[in-house]
Amino acid sequence: MRTLIVLLLGTLIGAAALGGVWATHQNAEDEQLEVRVAVERLADGSVEIGLQQRERDGEWGETKKPERRFLLPDTEVGKVRYSSPVVFDLVTRAEHIAAEYRDYLKEVGKLYGHYFVRRFHSEDELESLPPVLCLVHPEEATQGTLCEGIGETFPTGVDIIESDDFIAIADEVERRLLAGEVSQIMATSNQHLETAVFARDHILLNDPDLGWTWVHYWFEPIDPQLPAGDDLFCVVSHGGRDLFWGLASDTALVAAAALGINLRTESFSEVSDQADAIRQCVEDGAVSIATTLVSPDVLAPAIAEATAAGIPVMSFNSGVQAAADVGTSFHIGLDDRRAGEIAGEQFNREGTEGTILCVIHEPDNIGLQERCEGLAATYANGEIETWSYEGRDAADAVLERYAQGDIGAVMALSDTVGSAVLRAQWPDPEVPLATFGFNLGFAKWVEEGKIMFAIYDHPLVQTYLGVMGALLIERMRLDPVTLFNGMAMLIEPQIADAEQMRRVTNALIPQEIQDRYLSGSDSAERVDSESGDSGDDAGDGDN
């Protein structure tokens, strides 16, 4: 690994004015490195030094300060003082990944070379063999490292043709086959594979006695390199300010950092704004877009504009049934209909009777409608009233509907609605409340029986995989819509009842605290009685 070690010179710094800066350039393996010395005179008259490196985006990085970095006011004039070394790593993460992959390809190539010898040739003909012909696409030159590995283990080496002129490649393959100058052919792209096969079969059609030559290939559907640092990836979703979308946004940024990509993540309460954001990503040259399909009909034109511009689009969260129709490559999300079915089955187990109010907080959200449809499909002891409200507080709206009677239970489809209804002093404990989502308040409330159950909707999984999916379709060497064929990856929902939530809250309490305060029934009762109702604080969703 290449590194730069810089020693700072005290005599230079002693001559510096306040805040003086020097910059230096160094060329290392065709890369330019730019650093500068930062100098600051402190209140006691001493001088502190540090070093900065200019990053690839043009900005100066964090000042690195060596352990020995001070020039005292009474330092002897004319005597050189040195700081501790400052070390910068010049190998970026992308370069490290590329180098690791090249090493991997070379080792694979060596295995191919050995395989060709064992599988196709005898010992007595090794020295007279023609070389392996290796075909490489110029835009995928890294794959040529595979050919280099073949050359290291195949007795007569390898000839590499790097070209995207497929007619010229076909002519050269035919010429070499007729001249007996090829022992095997290796293609490192699908186009080169098909070109070589057609050329070989054309020769055999005209001269069946020529003899068979195998054409091998290295199938690499995904570019393993990291994209360029300025490539824009967009994650555009619907959603409001509830905990689900807060967690989703945070997780998207975590995924982007882990994957090393430049991400723009946006969330909108109006679907028209979401469509405009997709169009803005197209205008800004995004290389990939991930979006929710809360209202497929509204979003479809914007998605079509992206795909027409050559920008692949995948979808996540809402809209699995519409994903293939609007042209996204594949879909990742919660199985919303199944989530509703599981809720209905749980209500049946709990003995719930009468009409269940299924509260849709986003009227046009197709995923929420699917949850209510699933609930209606399995609930056996009454009817399902699919109900939505607009322009009112969630709790007020639900309480008004409850006051009209006929309600046997309430099914909230988000943590925001569930929290709001419970905090509004739900008036009838005999009318159970269930909800989607998770926060620490829900854990406590379900454990205490104030909420019958919750269904985990997994925002962390959905958005992390959504960002990864955006990277995946951008890295595809083949058309992802064609390859994935409308594939859907659906998360099986989970019921969280009182026992499950008890396990969750226990996992949050340090074991030594449990041993100290919860080891006996008397102390457990005392802690519970002193803790009070944690509803307002625990349910904020800001924890």
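Ala, Val, Leu, Ile, Met, Phe, Trp, Tyr, Cys and Pro are counted here as nonpolar, Asp, Glu, Lys and Arg as charged, and the others, Gly among them, as polar. This is a predicted model, in which local features need pLDDT of at least 70, side-chain atom pairs count only at pLDDT 80 or more, and totals for chains, interfaces and linings use all residues. Residues are numbered from 1 along each chain as its sequence is written, and side-chain values use heavy atoms, with hydrogens and water left out.

View A. Welcome inside: the structure holds 1 cavity of 30 Å³ or more (a set of points, on a 1 Å grid over the protein atoms alone, where a 1.4 Å probe fits but cannot get out; lining residues have an atom within 4 Å of a point). The space in the largest cavity comes to about 160 Å³ (the volume filled by probe spheres set on the points, which are joined across faces, edges and corners). Of its 17 lining residues, Trp 245, His 361, Leu 368, Arg 371 and Leu 413 lie nearest the centre. The lining has 4 nonpolar, 7 polar and 6 charged residues.

View B. Two or more lining residues come from each of helix H6 (243-259) and helix H11 (366-378) (DSSP runs of H or I, at least four residues, numbered from the N terminus). H11 gives the most, with 3 residues.

**View C. H10 against H11.** Helix H10 (residues 336-350) packs with H11 at about 35°, their axes 6 Å apart (lines fitted to C-alpha atoms over the stretch in contact, with angles from 0 to 180 degrees between N-to-C directions).

Technical notes:
1 Å grid on protein atoms, 1.4 Å probe; cavity = no way out; pocket = protein on both sides within 12 Å on 5 of 7 lines; lining within 4 Å.
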